Amino acid sequence: MIYIRLLVTFIKIGLFSFGGGYAMIPLIQKEIESYNWLSSSEFADIIAISEVTPGPIAVNSATFVGYKAAGVLGGLVATIGVSIPSLVIIMIVSRFFFGYQKHPLNMMVFYGIRPVIVGLVATAAVSVAETAIFNSGISWSSVIEKGMNMINFGGMFIFAAALIALIKFKVHPILVIVASGIAGVLMF
Amino acid sequence: MKSKSDIRTLAEIFCVFFKIGCFTFGGGYAMIPLIEREIVNNKKWIKEEEIVDIFAVSQAVPGAIAINSSTFVGYKIAGYKGSLAATMGVVLPSFGIITIIAAFLSAFQENPVVQAAFMGIRSAVVALILVAVIRMTQTSVKDILTALIAFLTVILILVLNIHPVITIVLGGLVGVVIFAFFPEKSKRIMKGANENHDIY
């Protein structure tokens, strides 16, 4: 049944997402891909919607994916699913974690996990770029076949402008998203 | 507060976290200063030193940082019931808003103007994620080994199509191996981490 599948999938996503936010994206993407709950461009839109609406991105995407897969109840089930691991783990951990926080083994495990999270978030950027800045999946064969034609220049321009606005001028992300939406309407 | 788990306290916890859930844009990290202001400064439910530890733990264990820290703060104030009240409060606003948007978007998805807007927005999202990568690199990639781990993760996921969970487990194992077999290196890493006052 789809509700049980949503619940189990989002418990799994909640359980294995370290670092929060964008680190969850590759995980959610992998899972929804295997069930065909959303297309990859619809998935990219969740990230944008999550940025302009309040609340944690994990909850936003759980609600969105659940709704798309099975309506309001689906959204509710997915949201509960993604919250369950936090509730259970924190309730257990809050009793005795403080003593172990600086334990050397714990520190070393996170020394290894943290760069993995960086890599995971980087792959999220690549998969969104495939639907926005490039006209096809990024692979050697598509580069050889299409050459410069695989680049969507409008998308590339908006990407570069957004990057400069965010890093150089510290523009608020919500403003950047609104501006790029307007640019999209004017250009495409 | 007389009884820490009475209905009034729970309702208050729910309301405070509902408010926090309504006003945080951009995910878990954006929520941290808001929780601090409401819980430590306004309500004085938790001390400043404690909240720093709570954020550290929230980032160290699995799950969304926002949900983790809300659960934790709720638990500290009023036990199990408190953590349920806090989590429900923080999740409800985004659940409501997204449900409305998802319903609305389904109706307008075929609209060419909406499609063009999202085409532009997606390009900006790539930039947003890249900025997050840069920010995370500064605290997580500190030497050649961690740089290599980050690079290999990208290769494993994109080229070999490995499941993300496996890469997380592998990363943790690298840490365990260094701890078990290279005590000198492990000591150096931990010394560096302590000097930088890392919270993970």
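## Domains of chain B

In this predicted model, the C-alpha centres of domain 1 and domain 2 of chain B are 26 Å apart. The domain assignment places residues 7-108 of chain B in domain 1 and residues 112-195 in domain 2.

## Confidence

The mean pLDDT of chain B is 84, and 91% of the residues score at least 70. Within chain B, the element with the lowest mean pLDDT is α3(B), at 75, while α6(B) has the highest, at 94. For the complex, the predictor reports an ipTM of 0.78 and a pTM of 0.76.

## Contact between chains B and A

On the chain B side, 86 residues are in contact with 90 residues of chain A. Eight elements of chain B each give two or more residues to this side: α1 (7-23), α2 (28-42), α3 (48-60), α4 (65-108), α5 (112-140), α6 (144-158), α7 (164-181) and α8 (183-195). The largest share, 22 residues, comes from α5(B).

By residue class, the side of chain B that touches chain A consists of 59 nonpolar, 25 polar and two charged residues.

## Helix α7 of chain B

One of the elements that contribute to the contact with chain A is α7(B), residues 164-181.

The buried residues of α7(B) are B:Pro164, B:Thr167, B:Ile168, B:Gly171, B:Val174, B:Gly175, B:Ile178 and B:Phe179. Viewed down the helix axis, the buried residues of α7(B) fall within an arc of 130 degrees, and therefore line one face of the helix. B:Ala180 and B:Phe181, on the other side of α7(B), are exposed.

## Chain A

Chain A contains eight helices and zero strands. Along the sequence, the elements of chain A follow the pattern α-α-α-α-α-α-α-α.

Of the 188 residues in chain A, 56% are buried. Among contacts in chain A with a separation of 6 or more, 54% are between residues 24 or more positions apart.

Conventions:
Residues numbered from 1 in each chain as written. Chains lettered and ligands numbered in written order. Predicted model: local features only at pLDDT ≥ 70, side-chain atom pairs only at ≥ 80, totals over all residues. Contact = placed C-beta atoms within 7 Å. Helix = DSSP H or I, 4+ residues; strand = E, 2+ residues; numbered from the N terminus. Nonpolar A, V, L, I, M, F, W, Y, C, P; charged D, E, K, R; others polar. Buried ≥ 20, exposed ≤ 12 C-beta atoms within 10 Å, placed from the backbone. Arc of directions from axis to C-beta. pLDDT = per-residue confidence, 0-100. Domains from an automatic or database assignment.
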